[in-house]
Amino acid sequence: MNPTDSTRRQFLATAAATTAIAGFPNIVRAEGANAAVLKIGLIGAGGRGTGAASQALTADPNVKLWAVGDAFESQIGSSLKNLATFGDRVEVAENRRFSGLDAYQKVIESGVDVVILASPPGFRPQHLRAAVEAGKHVFAEKPMAVDVAGVKSVLESARIAKEKGLTLQHGFCWRFSPNTRAGYGKLLSGELGRAVSVYGTYLGGVPKPSTSIDQRKSEWADVEWHIRNWMAHEWLSGGPLLEQAIHTVDKVAWAMNDVAPIAARGSGGRTQRGDDGNVWDNYSVTFEYPNNVFCHVGQRQMLGTFSEVVDRVFCEKGTLEAPTRVMTKDITGKTTWAYRGETTDMYQVCHNEWFAAIRKGEPLNAGVYMANSTMLGILGREAAHSGQRITWDELWNSKQDFAPDDLKMTDSFPKEAVPAPGKYTLA
């Protein structure tokens, strides 16, 4: 795909142009489809995966959890225990509980209709491809990949899903938050005039502390050890700018009406982290857009520091602030509007809309902007790691691929060095 084509320059427009679906799978085309029971397969039974399964079971009364897969068997039992409140709608027999790195394939082959992808994002492109090739509706948690090869694979999977008439929903949850949608709606309607800059932050603590190296068991090979500490390893998590602050990055894309950027530059480092992984714990990145617009994202995962997740979108006629308190201000700083409506759980809204689309046979396929927002995060990370200004087109021409798809739990896979600006280069 040519990186300079219109797909990249206005990627939401391309996504919105998803039409002429050949036909939905039999489950939704058959007579009485609205009452048909949909079987859910959960791939990745950690905290977020379990939460997504709960939201799926809440979204539609005629769905049941049918199969669960995870790299580690202990995660499955813990997840099912947390979902026990759904009673007999959690119908995961022992022979439909799969562990190991091939668990995703076994879940897909277990007779499910929809799958939830919530394993570490390094596996996401592989799992997504297998799911859409098997004809399953998919919810994919963010980010959708950790490297350039992964993003390109996601785009190809989105194309396959479109051809098969499958729904493809995403985990950029703030796009489903009623108050944030209202605020960004005002922005995108032009009410505030043209956006001239964005300042977004995702400043917090460490969401999942890594296990100390001295707790590694001798029987754990590199791959198993890394997966047990996946947030510390870039080939699995993509690093904190991509794994967590991707929400703020995605809102930059949203604020810019999903127009592709020109380039990015940035800095950061590894200040507090003491684990044996290779990810940084802070980033300061600026994305350069057409018409002399610059958008900044600050990310930090450090203990003993103040927390803030705020978007400030500066426009010709005022400012939008989100996502916790969503309001607009005039150029003097005076509040001109504040959201007063209901604040329905954005995670639940995401799944409500997903299952509604499946039931109605609507061509919901967010694959293109899922991929592009992920690529925007990679652009910022790579600019910071290298210490260079990297263009959008240079990134799309990159051959970056962090890991093969055929790794086994028992494989040796030495960690990459911590990126050093001035020495690290984009592949």
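Good morning. I begin with the sheet: in this predicted model, six strands form an open sheet in the order β3-β2-β1-β4-β5-β6, and their pairing is parallel. At the edges stand β3, residues 97-99, and β6, residues 168-170; each has a single partner strand, so one side of each is left without a neighbour in the sheet. From one strand to the next, the twist averages 20°.

Let us look at one pairing in detail. Strand β1, residues 38-43, runs parallel to strand β2, residues 63-70, and six bridges join the two. Within this pairing, K39 stands opposite K64 of β2. For those new to the subject, strands of a sheet pair through backbone hydrogen bonds, either parallel or antiparallel. Helix α14, residues 346-360, packs on the sheet and touches β1, β2, β4, β5 and β6. The direction of α14 makes about 165° with that of β5.

The charged end of K39 sits over the ring of W66, 4.0 Å from the ring's centre. A further case of this kind is R228, which lies over the face of F72 at 4.2 Å from the ring centre.

I turn now to the interior. In soluble globular proteins, nonpolar side chains tend to be buried together. Here the largest nonpolar core has 76 residues, and V138, F287 and V313 touch the most other members. Helix α15, residues 367-386, supplies the largest share of this core, ten residues. What is F287 in contact with, leaving aside its neighbours within four places in sequence? The partners include V249, V252, A263, A264, L376 and L379. There is also a second, separate core of 29 residues, and among its members are A56, L57, F139 and W174.

My last topic is the aromatic rings. The whole structure holds eight aromatic pairs. One of them joins F123 and W235, edge-to-face, with 6.4 Å from centre to centre and 80° between the planes. This pair links distant parts of the chain, since F123 lies in the loop between β4 and α7 while W235 lies in helix α11, 112 residues apart. Both F123 and W235 are buried, and together with F413 they form one aromatic cluster.

For W392 and W396, the ring centres are 5.9 Å apart and the planes stand at 80°, so this pair is edge-to-face. Both residues belong to helix α16, residues 392-396, where four residues, about one turn of the helix, separate them. W392 and W396 are both buried.

Thank you for your attention.

Notes. Residues are numbered from 1 along each chain as its sequence is written. This is a predicted model: local features need pLDDT of at least 70, side-chain atom pairs count only at pLDDT 80 or more; totals for chains, interfaces and linings use all residues. Side-chain values use heavy atoms; hydrogens and water are left out. Two strands pair if DSSP finds at least two bridges between them. Axes are lines fitted to C-alpha atoms, for helices over the stretch in contact, and angles run from 0 to 180 degrees between N-to-C directions. Contact means heavy atoms within 4.5 Å. A nonpolar core is a set of buried Ala, Val, Leu, Ile, Met, Phe, Trp, Tyr and Cys residues joined through side-chain atoms within 4.5 Å. Buried means under 20% relative accessible area, exposed over 50%, partly exposed in between (1.4 Å probe, protein chains only). Rings of Phe, Tyr and Trp (its six-membered ring) pair if their centres lie within 6.5 Å; planes under 30 degrees apart count as stacked, over 60 as edge-to-face and the rest as tilted. A charge sits over a ring if NZ of Lys or CZ of Arg is within 6 Å of the ring centre and within 35 degrees of the ring normal.
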